[in-house]
Amino acid sequence: MPKVTINDRTVEVEAGTNVIEAGLKAGVLVPHYCYHPRLSVVGQCRMCLVEITENGRKMPKLQTACSSYVMKDGWSVRTDTPEVAEAQKGMMEFFLINHPLDCPICDQAGECGLQDYSFKHGVAYSRFQYEDKRTYPGRERIPLGANVVLNMNRCIQCTRCIRFTQEVAGTGELGFFNRGARVEIGTFPGKELSNPLATCVVDICPVGALTSTRFRFAERVWYLDKKPSICTGCEVGCNVTMEQRRGDIKRYKPRFNPEVNDYWMCDFGRATFERYKKVPRLASPRVKAEGGNGHAPVLNTGWSQALDAVHRALVSAQGDVAFLGSGFLTTEEAYLFAKLADLSSATRRSVPVDLGPEWTIPRHQRPPITGREAAPNRRGAELAGLTSALEGDNGTDDLLHGDSPVPAVLVVCDSDFGQAAWDAATVARLRRAKFLVVFGWADSPLALAADVALPVAHHGEKDGTFVNVEWRVQRFERAFAPIGQVRPAVEVLGDLLSRFEGGWSQVSAGSVFDRLAGELPAFAGLSWHRLPATGAALHVPGAQISDRAAETASEASA
Amino acid sequence: MAAFEPVLTKNVGKPEALTLQGYRQLGGYEGLTKALTMEPDAIIDEVKKSGLRGRGGAGFPAGMKWSFIPKGKDKPKYLVCNADESEPGTFKDRLLMENDPHQLIEGCAICCFAVSANTCYIYIRGEYVKSALVLEQAIKEAYENGILGDSVMGSGFKLNMYIHRGAGAYICGEETGMLESLEGKRGQPRVKPPFPAVVGAFGAPTVINNVETLCNVPHILTRGADWFKSIGTDERNTGPKLYAISGHVERPGTYEHPIGITFREMLDAAGGMWRGKQLKAFIPGGASAPILKPDQIDIKMDFDTVAKAGSMLGSAAVIVMDETTCMVRSVARLAKFFNHESCGQCTPCREGTNWMELVLKRLEHGEGTERDAQMLLSICKNIGGQSLCALGDAAIGPVKSLVDRFPEEIEQHVRERKCPFPQPRYFENGA
Amino acid sequence: MSVHEPASMKPSGPPLRGGGLSEASRAEIDGLRPRYPTTEAVLLPALHIAQRQWGGWLPDEAIHAVADELDLPVAKVYGVVTFYDLYHQQPVGRHRIRVCNNLSCQLRGAEEILQVLHQELGVGEDEVTPDGRCSFVHFECLGSCDTAPMMMVDDEYHENLTPGQVRQIVEGLK
């Protein structure tokens with residue numbers, strides 16, 4: 001592999017790597033706007049000009065780093081010469097002469113490429129004093145579709161958004177119109193930017209020209225706390241950054257993972273956190289008075305009283321117990337539920353499978369990834385010991401819809417396990433159990449009907465792992481503390497299991513993961529702390545990803 | 001210098017040259033006939049030896065350009081003839097196309113044979129309707145007589161030739177802008193490398209030559225590289241050259257001279273200054289060439305001498321300005337042109353050409369400041385060498401030379417708070 | 001091998017509105033396809049053809065029709081239309097007048113010619129006379145600097161103009 005020296009730091013790169021990427025490897029950021037690793041190289045913004053010396057001979061002009069490819073040894077690149085600094089300064093001036101000074105009301109402020117580079121490379125005064133700035137009257141807030149708003153005044157014509165729709169989404173809704181200083185981006189009159197990945201153009205817009213309808217004026221970005229998380233919108237498991245302020249989630253942004261979602265995510269996924277705000281929250285443990293049949297007075301109690309009640313019920317049922325799992329459980333939670341099912345000799349431990357809308361994320365140099373199931377972790381739940389219809393278990397159907405007798409004790413692991421949790425008939429059927437226990441974050445009809453309802457954290461409030469459609473286990477982190485008396489399910493289950501046997505006190509998602517990794521062959525060799533940021537592929541014998549999904553799909557359409 | 005016989009324009013004014021038969025009677029298609037008997041590499045060598053440099057503006061050696069095309073016949077290759085003549089002051093290619101279309105067809109055919117290209121597109125600017133019609137007719141006749149088509153003059157070499165009309169964009173004269181336009185896109189120049197010889201039209205190796213360049217080729221083949229080299233200043237500046245002269249001269253027009261004639265000789269040939277006025281300035285190579293002053297009147301009009309004088313021969317479009325001309329106003333007009341024609345994709349050109357036009361207009365209207373001259377130079381510096389294609393460099397040529405060579409005119413505009421030159425009236429009583 | 005005439009020289013048929021590309025236009029476009037290795041390359045000539053069909057300009061409907069015909073994203077076609085000066089997105093007059101006033105023409109009185117035209121027609125740049133007869137189109141150098149001042153009316157060059165000639169030419173436009 002050829003070696004290249006950038007500002008005296010030498011790195012080895014694959015032949016054909018451009019100088020921006022080589023710089024990143026060497027720890028040197030070459031400023032750029034139009035370049036994006038997943039879009040065609042156009043060399044338009046001219047911000048990445050660098051000085052290149054080839055075997056001691058300096059190239060006559062500054063070169064754009066994005067379109068300069070290291071092919072063999074002998075290149076020495078400098079990004080810190082007076083000439084380069086002068087060029088960067090000149091370019092910043094060109095960008096800014098026609099850019100509005102509306103940072104105080106611009107959503108991009110704080111994460112804006114113009115702010116960052118003008119601070120680093122620009123000058124603090126303007127020589128553009130006699131002429132009017134170019135404006136696009138009537139094009140300051142154009143909804144390009146449901147999710148993206150364009151302010152043409154702020155655009156720096158880098159064309160990333162256009163290339164995204166052409167090259168990644170493949171829909172080509174956006175175009176470059178007019179010529180010269182009058183160029184504009186936009187959709188054809190009357191057409192919308194409506195592809196499922198549309199909001200990605202907001203992520204890649206280096207300035208505030210494209211903003212997200214959902215996030216507009218929602219929060220100044222410097223107040224946001226960010227944690228790596230996983231989208232729960234489907235089984236793809238797009239890596240996201242959960243951005244929140246004081247427990248109020250403001251947005252998801254895709255987090256780069258070449259193995260899963262690359263730089264992208266779908267608009268549907270971006271909206272999924274809103275469920276946590278719209279759906280009423282179960283905030284403290286609730287126990288109904290003894291002998292109730294669903295109409296007895298409800299008592300808000302402490303955790304230990306509630307768990308005692310559950311423990312008593314499970315023991316006294318003598319095996320007439322069923323567990324209704326959920327694809328929304330973390331792998332660790334599912335593992336503990338399975339343990340609990342073992343200890344109470346439960347007859348069933350079924351995970352329902354809901355098909356959702358189909359989402360496809362394009363990836364670089366590999367086939368796109370498609371999610372069809374509505375839950376992010378059906379696979380993890382199964383690996384951890386629960387079973388689904390896909391494993392030949394028809395327990396879910398029996399429990400939810402069948403005529404068979406409902407067990408004496410029914411433990412629903414997630415009050416929001418799927419659509420059925422919100423269906424009156426299903427709730428009525430499940431209520432026929434003598435004792436109904438419901439875990440969950442949502443105060444769903446099912447939770448309202450429960451004898452014991454246990455408030456547990458949603459995925460922004462807890463640590464855990466999900467196993468995605470391609471059997472990749474991915475870790476996410478707690479972004480903020482749960483509200484009220486809510487506790488992460490792992491802790492709650494630890495306490496409950498401790499009532500049956502020793503060794504379960506003080507468990508955490510990490511400790512449970514390490515324990516299950518030692519026990520389950522699929523997770524062999526993995527550990528919580530050493531799980532790579534991009535996740536780990538599981539050893540699942542005979543896991544035929546696409547066949548499985550196809551089966552599910554054909555069942556659904558049948 | 002011995003009396004010079006026109007070469008490229010010898011058929012101009014002879015209507016019979018428009019027909020295939022007439023053109024042949026005037027000695028046409030001899031070059032192609034000869035070429036078809038030669039090895040392709042030998043043709044390239046002959047063109048290389050002739051020293052023919054591109055007549056479109058950059059002056060790149062044509063034979064060298066051809067030799068960059070990968071050998072072999074397995075993959076498609078193209079010739080794109082650049083007939084997008086749009087540089088203000090330039091009108092020489094139109095003359096060649098309208099008066100001697102077969103000369104161009106012959107030149108294209110020889111080039112295609114030399115580089116094994118089976119398809120030639122003549123990219124002609126959309127406004128040149130007459131040129132397109134004349135060429136279409138000539139191409140049609142060439143097809144009908146077996147000069148184009150499945151077997152060029154019975155040689156077995158297949159060649160299709162098509163006219164592709166532009167739609168009004170100067171930037172499509174830039175070779176990669178032209179390729180984009182040919183492919184049905186906005187005419188935005190591409191990042192280079194790769195160069196068109198490697199990745200050109202439709203991703204295939206492509207030669208792009210100007211009309212006048214290709215028109216020289218048949219003559220090089222019939223009369224030999226040595227004859228070609230005998231015309232001109234030195235071995236780097238050879239052959240006949242069309243000079244398009246316009247502005248304040250008595251007889252504007254296209255004149256064919258040996259390359260390297262002096263500007264004074266050219267001016268004399270065009271009847272001298274218009275209405276007997278004094279020369280104030282001249283642009284030697286089209287709108288993008290820096291302006292020269294009368295002290296350069298004896299400059300040899302070849303590629304290297306003009307470059308040495310701080311300008312460029314470009315397309316050899318000479319614009320002459322007399323003593324009544326306001327230089328600020330003239331340069332402001334050129335700045336308006338470049339702003340209008342910038343494609344808008346790259347930052348320095350998009351923003352810089354616009355800014356320069358605004359500043360120059362302000363100066364012309366007497367609203368300039370003392371800082372403007374230095375600021376213009378600084379804008380030029382920030383565009384120069386940093387734009388994606390050559391249009392940025394083209395746009396700063398006239399502006400830079402205005403500030404460098406006519407500073408007193410800018411100062412006068414600023415001092416007097418108005419344009420010191422009266423608005424010229426060219427027509428008495430509006431007649 | 002079919003040989004194709006430049007589109008703008010063919011007589012323009014009656015503008016067909018609301019019905020997309022006419023059979024004749026489509027046939028003409030189809031005739032061009034074999035010339036290029038890609039369909040996209042047919043776009044510029046196809047737009048010339050469509051513009052002729054729609055009476056000298058390209059309403060959104062025409063742009064849509066061409067995009068559909070060539071199976072291209074309409075935003076891309078729109079980008080091409082707005083890039084080139086010869087494609088018009090506003091209705092034009094029956095006659096399109098383009099006056100070059102670039103440097104060489106400016107040095108020979110183009111601005112006086114422009115003034116005369118503005119007086120005669122009573123309209124400015126990119127405007128159509130109320131009777132729909134003429135429209136004025138901004139244009140850069142038309143490559144006829146030796147015969148300055150000059151103007152282009154539809155597809156024809158008028159050279160070495162004087163104000164008197166300009167008046168005559170304009171009066172002759174129906």
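In what order do the elements of chain C run from the N terminus on? In this predicted model, they follow the pattern α-α-α-α-β-α-α-β-β-β-α, which is made up of seven helices and four strands. Of the 174 residues in chain C, 51% are buried, and among the contacts in this chain between residues at least 6 apart in sequence, 61% join residues at least 24 apart.

For the complex, the predictor gives an ipTM of 0.94 together with a pTM of 0.93. Chain C has a mean pLDDT of 88, with 90% of its residues at 70 or more, while chain A averages 92, with 94% of its residues scoring at least 70.

The contact between chain C and chain B takes 45 residues from chain C and 55 residues from chain B. On the side of chain C that touches chain B, at least two residues each are supplied by helices H2 (43-53), H4 (74-83), H5 (103-106), H6 (110-121) and H7 (163-171) of chain C, and the largest share, four residues, comes from H2(C). Sorted by class, this side of chain C holds 24 nonpolar, 12 polar and nine charged residues.

Asp146(C) is found in the loop between strand E2 (134-139) and strand E3 (151-153) of chain C. Is Asp146(C) buried or exposed? Because 26 other C-beta atoms lie within 10 Å, Asp146(C) counts as buried, the cut-off being 20 or more. Leaving aside residues up to four places away in sequence, Asp146(C) touches Phe91(B), Ala244(B), Ser246(B), Pro252(B), Gly253(B) and Thr254(B). Within its own chain, the C-alpha atom of Asp146(C) is separated by 26 Å from that of Gly124(C), which is 22 residues apart from Asp146(C) along the chain.

Chain B also meets chain A, in a contact that takes 28 residues from chain A and 24 residues from chain B. Helix H2 (residues 82-97) of chain A gives the most to the side of chain A that touches chain B, contributing seven residues, and the residues of that side divide into 15 nonpolar, seven polar and six charged.

Turning to the helices of chain B itself, H6(B) spans residues 101-115 and reaches 22 Å from its first C-alpha to its last, close to the 21 Å expected for its 15 residues at 1.5 Å a residue. H6(B) is mostly covered, with 15 of its 15 residues buried, and just after this helix Ser116(B) takes a positive phi of about 60°.

Elsewhere in chain B, helix H13 (residues 327-341) and helix H16 (residues 391-405) pack with their axes 9 Å apart and at an angle of about 170°, so H13(B) and H16(B) are roughly antiparallel to each other. In this contact, H13(B) provides Met327(B), Val328(B), Val331(B), Leu334(B), Ala335(B) and Phe338(B), and H16(B) provides Leu391(B), Ala394(B), Ala395(B), Pro398(B), Val399(B) and Leu402(B). By class, the residues of the contact of H13(B) with H16(B) comprise 12 nonpolar, no polar and no charged.

How values were computed. Residues are numbered from 1 along each chain as its sequence is written. Chains are lettered from A and ligands numbered from 1 in the order in which they are written. This is a predicted model: local features need pLDDT of at least 70, side-chain atom pairs count only at pLDDT 80 or more; totals for chains, interfaces and linings use all residues. pLDDT is the predictor's confidence in each residue, from 0 to 100. The expected span of a helix is 1.5 Å times one less than its number of residues. A residue is buried if 20 or more other C-beta atoms lie within 10 Å of its own, exposed if 12 or fewer, and partly exposed in between; C-beta atoms are placed from the backbone. Axes are lines fitted to C-alpha atoms, for helices over the stretch in contact, and angles run from 0 to 180 degrees between N-to-C directions. Angles under 35 degrees count as roughly parallel, over 145 as roughly antiparallel, 65 to 115 as roughly perpendicular and the rest as oblique. Two residues are in contact if their C-beta atoms, placed from the backbone, lie within 7 Å. Ala, Val, Leu, Ile, Met, Phe, Trp, Tyr, Cys and Pro count as nonpolar, Asp, Glu, Lys and Arg as charged, and the others, Gly among them, as polar.
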